[in-house]
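Welcome to this short tour of one protein model. Have the structure open beside you, and follow along from one stop to the next.

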Amino acid sequence: MASNPWLFPAPTYRTLDTNWDTDEDAPGPRCAHTLTAVAPTKTHGPRLILFGGATAIEGGSSSAPGIRLAGVTNSVHSYDVLTGKWTRIRPAGEPPSPRAAHAAAAVGTMVVFQGGIGPAGHSTDDIYVLDMTNDRFKWHRVVVQGQGPGPRYGHVMDLVAQRYLVTVSGYDGKRVLSDAWVLDTAQKPYVWQRLNPEGDQPSARTYATASARSDGMFLLCGGRDSSGAPLADAYGLLLHRNGQWEWTLAPGVSPSPRYQHAAVFVGARLHVTGGALRGGRAIEGEAAIAVLDTAAGVWLDRNGLVTSSRTSKGRGEHDASLELMRRCRHASASVGVRIYIHGGLRGDIVLDDFLLAENSPSLSDVSSPMLTSERASNLSTPRFGQPTLSTHVMTSDGGLGSPQSGGQSMDKNSFEKLREASAAEAEAATAVWQAAQAASAIPAEETSVSDDNSPVAETASDASDNEADVRLHPRAVVVAKETVGNLAGMVRQLSLDQFENESRRMIPSNNDLSYPTKKFARQRSPQGLHKKIISTLLRPRNWKAPANRRFFLDSYEVGELCYAAEQIFMQEPTVLQLKAPVKVFGDLHGQFGDLMRLFDEYGFPSTAGDITYIDYLFLGDYVDRGQHSLETITLLLALKIEYPENVHLIRGNHEAADINALFGFRLECIERMGENDGIWAWTRFNQLFNCLPLAALIEKKIICMHGGIGRSINSVEQIEKLERPITMDAGSIILMDLLWSDPTENDSVEGLRPNARGPGLVTFGPDRVTDFCKKNKLQLIIRAHECVMDGFERFAQGQLITLFSATNYCGTANNAGAILVIGRGLVIVPKLIHPLPPPMQSPETSPERVADDSWMQELNIQRPPTPTRGRPQPDHDRSSLAYI
């Protein structure tokens with residue numbers, strides 16, 4: 001069966017031809033070595049550094065117990081990515097001893113080595129740094145103070161958040177280890193600290209792999225346990241903002257347990273290759289090449305989604321490319337979208353071949369650390385709470401070093417250069433791409449190493465007819481309805497054809513009341529207020545509605561929060577210009593519990609979540625109807641202040657005083673903050689609402705708005721010309737259409753029709769959608785504003801999607817809630833949650849619940865929602881509040 005392109009299968013590897021000047025420059029056969037990608041410098045493009053390893057084996061075949069590595073070396077070879085040339089380098093200073101099964105990590109233009117085993121036994125746990133700054137290769141030995149991980153081999157190490165050297169597991173000659181250690185390069189004196197992470201602890205293991213994602217997640221994969229059994233699990237190690245580390249078990253089914261394999265991240269996809277099973281038997285067949293997509297939480301092989309282990313040869317038995325990957329103890333690295341593999345062991349043969357595969361940029365939701373996007377480069381900025389590497393200098397005695405001929409200490413500028421090199425990776429991306437284009441030795445089809453967000457790549461794509469088109473994924477991600485038993489919280493995928501309720505849309509309308517704008521003196525926002533709100537409310541897994549409905553902020557704090565957010569909104573354009581990947585949310589309507597559920601199931605905006613590699617866009621209607629409008633709007637504003645370039649809010653029709661005075665927000669402010677403070681806060685929130693942006697463009701191909709294009713909007717420029725702050729009564733017909741109009745009932749109803757929401761409002765047909773997209777060179781409209789049964793609904797043959805994120809709207813609709821995840825390749829995946837069942841306890845045992853419910857019921861009895869499309873509709877007066 002042919003591969004399904006929607007499943008983003010693992011890539012195929014091929015042999016890469018390389019060149020060298022002399023035989024000594026060629027690395028030759030090698031196993032148990034390291035291959036590390038090094039960032040480009042001002043004078044040199046990206047390089048791969050090959051170090052150490054064994055050049056031969058003793059003891060027969062690899063399956064025989066007691067196999068011994070021979071010819072262990074400490075030679076260093078550099079591979080120039082742009083020219084395809086190997087060169088042996090001989091750095092100045094004292095080199096590390098010959099070793100294999102060691103660990104290595106790149107920091108800017110330096111490579112850090114630690115541990116391993118050689119002819120003399122275990123290597124010390126000293127840190128050796130290969131400094132390539134200014135193309136002057138030099139070894140530095142850094143003796144770290146205090147107790148450290150100790151001599152070990154078969155362990156893993158990488159740099160997390162451009163600051164922390166993390167090493168995990170391994171073998172110390174007596175036992176298999178499970179410990180984790182971290183060295184903070186921004187703290188002096190430099191010491192190893194043993195971690196005690198929370199969460200699911202991985203078992204002891206050796207010969208695992210680990211790679212750090214560009215947003216800071218350290219992923220441990222596979223390995224061999226103390227009994228010699230290969231492992232199939234994977235664990236992510238995360239650093240929370242409070243300084244606590246946490247292990248999290250990765251989801252999905254691995255194609256095979258394995259050890260002595262290789263793994264490296266490209267974006268959000270961990271590319272895993274080769275490896276051995278119990279007894280040293282090499283992994284064969286489809287399981288030899290796998291990808292763990294950490295954004296989707298699934299394992300993939302070349303045929304797509306993996307649902308069970310595939311340790312047998314399977315149908316890939318005679319595939320030459322799979323036979324190529326039958327190896328262990330090899331080394332891998334990535335540059336841009338390319339994955340490189342060198343050497344390894346196949347049976348009793350030490351390999352010297354060099355392999356290449358490419359992961360399409362459209363499949364990566366995290367920027368590559370080598371050719372990084374602007375978003376990835378923000379990791380090193382204070383905005384994310386990730387300090388850059390310290391400019392202090394590591395020395396053997398813990399002090400500031402000076403250059404010495406022996407290379408025993410770190411010279412004064414080395415780690416400063418290391419820090420600068422890390423921060424300069426983003427700046428170097430453009431230069432590298434230009435150099436790659438200018439290098440005649442690289443064929444045109446092999447120069448696609450730039451991320452989609454690279455400035456040069458973006459310019460080139462603007463003039464290309466081969467850009468990725470917007471596509472709706474044929475399957476949606478759904479959290480199972482069951483809340484008890486073994487199926488609780490299970491995530492599955494459903495074909496879009498299975499959504500029987502997609503056309504059942506709820507049709508609510510308008511009552512326009514003007515209001516005076518209250519003037520406030522501008523005040524400086526107190527430092528830490530938004531952080532206090534985030535720490536109090538951003539609790540996806542354990543948030544509970546407060547028993548006491550008194551809101552935790554006072555009116556002064558609300559004013560400070562609104563002022564700080566307002567300054568950001570007014571610096572933004574009326575139509576936001578966004579880059580994919582983006583996570584899009586529809587109406588929330590004060591249903592804060594649903595927002596937390598969506599965050600819990602599909603990621604949340606935090607450095608411990610996914611904010612560093614995906615933006616968040618909210619389409620309005622944050623308040624009214626639900627019980628927790630205050631929590632909803634304050635958390636979103638706090639997140640906007642914390643992540644101003646990654647969290648985006650646009651305006652909905654309920655972000656207007658004449659509407660939210662009637663549908664619950666004003667009443668909630670008064671009841672939860674007191675009459676005087678409540679009215680003041682409600683008025684201040686509405687002043688801020690007048691400053692919200694009104695639409696968003698994603699990659700100049702998708703426009704997002706709250707309502708629709710109505711009768712008056714024919715171009716994006718019309719929206720861009722609306723000046724803010726703007727009230728509903730001052731916004732003319734364009735603002736009214738933008739926030740209030742709806743699509744017609746179905747694709748067969750074209751043109752403009754009266755809208756059941758009220759006089760003066762319209763619905764627009766699929767012909768209007770097609771014309772608008774064509775005129776503005778757009779491929780999709782995403783809008784909210786209407787409750788739909790499955791949380792999302794297609795219209796105009798897929799050119800428009802309606803999105804609604806609140807479940808069981810007004811306590812009666814029983815609808816699902818959804819978000820849309822737009823990947824970098826502009827593939828859109830709907831992700832759903834179902835309504836929660838009624839509480840198990842009776843109202844008598846939960847007085848706070850019945851209080852909340854009675855408040856909700858009273859509001860919605862006074863202002864009932866309209867019924868779902870397709871169901872009988874009661875005879876309401878069109879001018880009644882039921883149509884809003």
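## A lysine and its partners

The side chains of K583 and D610 are joined by a polar contact of 2.6 Å. A polar contact here is a pair of N or O atoms within 3.5 Å; within protein, one atom must be able to donate a hydrogen and the other to accept it, and residues adjacent in sequence count only if both atoms are side-chain atoms. The model you are looking at is predicted, so local features need pLDDT of at least 70 and side-chain atom pairs count only at pLDDT 80 or more, while totals for chains, interfaces and linings use all residues. Residues are numbered from 1 along each chain as its sequence is written, and side-chain values use heavy atoms, leaving out hydrogens and water.

K583 belongs to strand β36, residues 582–585. Helices (H or I, at least four residues) and strands (E, at least two) are DSSP runs, numbered from the N terminus. The side chain of K583 also reaches the backbone oxygen of Y602, at 2.7 Å. Is K583 buried or exposed? K583 is buried, with a relative accessible area of 2%; buried means under 20% relative accessible area, exposed over 50%, and partly exposed in between (1.4 Å probe, protein chains only). Not counting residues up to four places away in sequence, K583 touches several residues, among them I614, D615, L617, I819 and V821. Contact means heavy atoms within 4.5 Å.

## Two helices side by side

How do helix α7 (residues 555–571) and helix α12 (residues 675–689) pack? Their angle is about 0°, and their axes are 10 Å apart. Axes are lines fitted to C-alpha atoms, for helices over the stretch in contact, and angles run from 0 to 180 degrees between N-to-C directions. The helices α7 and α12 are therefore roughly parallel to each other, a label for angles under 35 degrees, with over 145 counting as roughly antiparallel, 65 to 115 as roughly perpendicular and the rest as oblique.

Residues of α7 that meet α12 include V558, C562 and F569, and those on the α12 side include W680, F685 and L688.

## A helix with a buried side

In helix α11 (residues 665–673), the residues F665, E668, C669, R672 and M673 are buried. They sit on the same side of α11, because they cover an arc of only 100° around the axis; the arc is that of the directions from the helix axis to the C-beta atoms. Just after α11 comes G674, with a positive phi of about 90°.

## Prolines in loops

P197 lies in the loop between β18 (192–194) and β19 (198–199), and P197 is buried, at 8% relative accessible area. P197 and L237 are 40 residues apart in sequence, yet 8.2 Å apart in space, C-alpha to C-alpha. Beyond its neighbours within four places in sequence, P197 is in contact with L237, Q244, W245, E246 and W247.

Which kind of peptide bond runs from A580 to P581? The bond is cis, with omega near 5°, and P581 is placed in the loop between β35 (575–578) and β36. Another cis peptide bond joins R724 and P725, with omega about 0°.

## Positive phi without glycine

A101 is a residue other than glycine with a positive phi, near 55°. A101 lies in the loop between β8 (85–89) and β9 (103–107) and counts as buried at 11% relative accessibility.

D621 is not a glycine either, and has a positive phi of about 55°. D621 is found in the loop between β37 (615–618) and α9 (629–642), where D621 counts as buried at 2% relative accessibility.
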